[in-house]
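User: I would like a close look at one part of this structure, with its backbone and surroundings described in plain terms.

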Amino acid sequence: MINLTINQKPYSIDADPEMPLLWALRDLIGLTGTKYGCGVAQCGACVVHLNGEAVRSCVTKVSRAAGQKIVTIEGLSKNNDHPLQLAWNEISVPQCGYCHSGQLMSAAVLLRENPNPTDQDIDNAMAGNICRCGTYPRIRKAIHLAAELQKKEREAK
Amino acid sequence: MIMSIILTMVGLMAFAWHTGNRKEILSSPVVVPIKKDSIASVKAFEKVYRVLMSPRCMNCHPSGDIPLQGDDSHLHEMFPKRGKDGKGLFAMKCGSCHQPSNTPGKHSPPGNPEWHLPPADMKMVFQGKTAAELAKQLIDPKQNGNKSMKQLLAHSEDGLVRWGWQPGEGRTLPPMSHAEFKKAWETWLNNGAYAPKSKP
Ligand code: FES
Ligand code: FES
């Protein structure tokens, strides 16, 4: 059995340690918000956080995640109210939506490490997340908006 | 008679093993004796240079801040950036895709626990360097990551260096075996670490 902590909940799964984390998340645990796009770390649809860092779960083996803290799109916030989620909603960023759990998880690392990102910072953080619908201009806009919301949230506290 | 030949051979082998043992050299309290032989040194560096400029080594020693990729050393897809520590930026850190070991299959990310570029304050560029420039850079602690001669000697056994010879599917190996590279590396350094003459 392999023990994982996902979205602050403990799970124990019977899986081959070589199994991609994405398989375990979707097929064994039932957290299907994380998407499968390419399976070879090329598209970003499967990004989750491993101890706070963005990792591509399609190439991350369950053995790397064992005993570690994983956060998926389902656990990004308690009430779908992460500043990025609010901004995404406000701007209606998604088209088909398939890439966006990965986009959001990548953007969340950016905003945590750089609360006031420039366009260049956004490019540096997001260049590995592909959107076949081409929602890039809205993604950029929404990250800037989320940065403002996050700032306001912090000032309010 | 036969016995004495065998005993002599065993004795010689033991001696050869003893003097060739790297640990022995590294743990020795005295400075590694350097016998200066510029011809042997420069000749060995020709081999070293061929390995260092091969894609498996040079791709992570780019002249810019984006690593290179593939046997043709093109800019890494998605343009991940070096970052301060050489491990990438934000959601584009090396470890996002590069695992502790190679991911199976062509065009999937190669891996090593230490996967990174040289850090921003010590870029250790190989790309575009002549043999003369690279030789001088490699032995200058201000440009080689503060490595002493002893640390340089040991560097041929570094895990990430060794990865070059286990690069995973679809990647060409450096132009000689690791053992041959190591021998050339040590011959170059132990004979005075001479730089080839710069071409006019
Ligand atoms: S499915 Fe993992 S990066 Fe595409
Ligand atoms: S919204 Fe369709 S792939 Fe991004």
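In which loop of chain B does B:Phe90 lie? Please describe that residue, and then go on to chain A.

Analyst: This is a predicted model. B:Phe90 is found in the loop that runs between β3 (88-89) and β4 (92-93) of chain B. Although B:Phe90 is not a glycine, its phi is positive, at about 50°. The side of the question that concerns exposure is settled by the cut-off: buried means under 20% relative accessible area, and B:Phe90 counts as buried because its relative accessibility is 9%.

A:Ala41, not a glycine either, has a positive phi of about 65°. Its place is the loop between α1 (21-28) and β3 (47-50) of chain A. With a relative accessibility of 3%, A:Ala41 counts as buried.

Chain A also holds a helix pair. The axes of helix α4 (residues 100-113) and helix α5 (residues 119-126) of chain A come within 9 Å and cross at roughly 125°. That angle makes α4(A) oblique to α5(A), and the crossing in which α4(A) passes α5(A) is right-handed. On the α4(A) side, the contact is made by A:Gln103, A:Ser106, A:Ala107 and A:Leu110; on the α5(A) side, it is made by A:Asp121, A:Ile122, A:Ala125 and A:Met126. Sorted by class, the residues in the contact of α4(A) with α5(A) are five nonpolar, two polar and one charged.

Key:
Residues numbered from 1 in each chain as written. Chains lettered and ligands numbered in written order. Predicted model: local features only at pLDDT ≥ 70, side-chain atom pairs only at ≥ 80, totals over all residues. Heavy atoms only, no water. Axes fitted to C-alpha atoms, helices over the stretch in contact; angles between N-to-C directions. Helix = DSSP H or I, 4+ residues; strand = E, 2+ residues; numbered from the N terminus. Parallel < 35°, antiparallel > 145°, perpendicular 65-115°, else oblique. Left-handed = near helix turned anticlockwise from the far one by under 90°. Contact = heavy atoms within 4.5 Å. Nonpolar A, V, L, I, M, F, W, Y, C, P; charged D, E, K, R; others polar. Buried < 20%, exposed > 50% of the residue type's maximum accessible area, 1.4 Å probe, protein only.
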